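I opened this notebook to record, step by step, what I looked up in a structure that was new to me.

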Amino acid sequence: MARSNPGTSAPPRTSPTGNRVPGPLGLGLLVALVVGSIIGSGIFGLPQNMASGAGAGAILIGWAVTGLGMLMLALTYQMLALRKPALDNGVYAYARALSGEYVGFNSAWGYWVSAWIGNVGYLVAAFGALGYFFPVFGAGNTPAAIAGASVVLWLIHLLVLRGIQGATVLNAVVTLAKVLPLLLFIGFVALAFQGGTFHLNFWGDAKLGSVLDQVKSTMLVTVWVFIGIEGASVYSARARERKDVGRATVLGFLITLLLLMAVSLLSLGIFTQPELAALKNPSMAGVLEKAVGTWGAILIYVGLIVSVGGGFLAWMLLAAESLFTPAGGGEMPEWLARQNGNGVPANALWLTNGMVQIFLLVTLVSNASYLALISLSTAMILVPYLFSAIYGLAVAWRGEGPGETALRRGDIPIAALASVYCLWLLYAAGLKYVLLSALLYAPGAALYLWAKKQRGERAFTPVEWGILAVLLVLAGVAAYLLGTGGLTL
């Protein structure tokens, strides 16, 4: 359980009698937070992103692997929410409980970096979509686009500062609004679906490689579109009922899985795999345009703008919370645990959006693309997922928390499969993304040292010194390879 921090204004999470104080977020808002976190920009480019490296058969296998793996991960989060109700902000707390404070810090740090880099990608995608109507915005990384994105960033920042409850209600409304064009897409494309097109060259061309290579090529794409599955867990401290955290995770997963699979697979009945791979993103626009005409493309571009706005809001909330909770436990500097009068972790929010602003400017200078940004974001979240899955396996194996023996036996294979899936993701990502992740994880040690110095505590155990040494070596290798051109994003 995270230690309280007397130097902050964070409200107590338990009553004087030791009972947990209910939070403001009910099941509906938690489900909307999960769905809103998952459905952002990724689904709109999904048809082309999947088809660029795989044929229909391999894509089906990829969805089977992803569906099972992510379901196991969702069920693991559900199980941990029930078995470990005292642990708030699961992504951080589970890693901390598994392997100590520095590992917990790294999980929170990686999740935070993933969140705000993803938000930079969201803003680039939104103004890239606006570029369809206003060419001055180009692909979302022109000076006009960055200026517009900066204005949107700080307007939403001011909105969130007015209160978490209001922001989550707005997120729920936006989530409903952005699901509508997806349902229209699925309906119209299903009517235009051609079975012969879907079955043509079912296993892909030889240039795509083996079926295993094709399946691996889908993995980072599917991880990106599913990031956010842990959204309810991150906000567990603010849930009205602890059991709603697990329910929201599973319900949100099932809703988004059906939407994602339908968008991806139905598109292969409109275009062949090579044609779909050649489409400009957001590729859903090209697919619906062929099915119903020009108005279909306009619908998707508008839907993308609304969807990205909602995803951006959800991830702004999640990013701030991922700094706020560890600060209360002593792994982040104390000032990040302070809240404003509306109960918002204001300092964490300022730091998060400050980094978004800096990287928007970096995007302008480097002309970084949306795909480059989401690759970085995805790489950073693989390790936090792995820590959560392994901790779930440890808890189930030891039989910790409430639950009958039969329930314990069922939890063990679920958590084991989730752990295997997370290890498979790291394998599928490859050495390139391991090195890039290390390069972004390593600087976090400075913030951790600062937090420990504030509290007068020893920063690292011998094992943690070893972890830091490995990170620094990998980061050094990554920096060298980037400098010599041996590693590119």
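The entries below cover a helix, its packing partner and a loop residue.

I noted that this is a predicted model, in which local features need pLDDT of at least 70, side-chain atom pairs count only at pLDDT 80 or more, and totals for chains, interfaces and linings use all residues. Residues are numbered from 1 along each chain as its sequence is written, and side-chain values use heavy atoms, with hydrogens and water left out.

I began with helix α6, residues 143–161, whose 19 residues reach 27 Å from first to last C-alpha, close to the expected 27 Å (1.5 Å times one less than the number of residues). Helices here are DSSP runs of H or I with at least four residues, numbered from the N terminus. Among the buried residues of α6 I found I146, A149, L153 and H157, where buried means under 20% relative accessible area, exposed over 50% and partly exposed in between, with a 1.4 Å probe and protein chains only.

I then checked α6 against α15 and found an angle of about 175° with the axes 10 Å apart, which makes the two roughly antiparallel (an angle over 145 degrees). The contact, meaning heavy atoms within 4.5 Å, includes L153 and W154 of α6 and W350 and L360 of α15.

In α15, residues 346–366, I looked up T352, which is buried at 0% relative accessibility and, beyond neighbours within four places in sequence, is in contact with W112, W116, A319, A320 and L323.

Last, I saw that N201, not a glycine, has a positive phi of about 50°; N201 lies in the loop between α8 and α9 and is partly exposed at 34%.

How values were computed:
Axes are lines fitted to C-alpha atoms, for helices over the stretch in contact, and angles run from 0 to 180 degrees between N-to-C directions. Angles under 35 degrees count as roughly parallel, over 145 as roughly antiparallel, 65 to 115 as roughly perpendicular and the rest as oblique.
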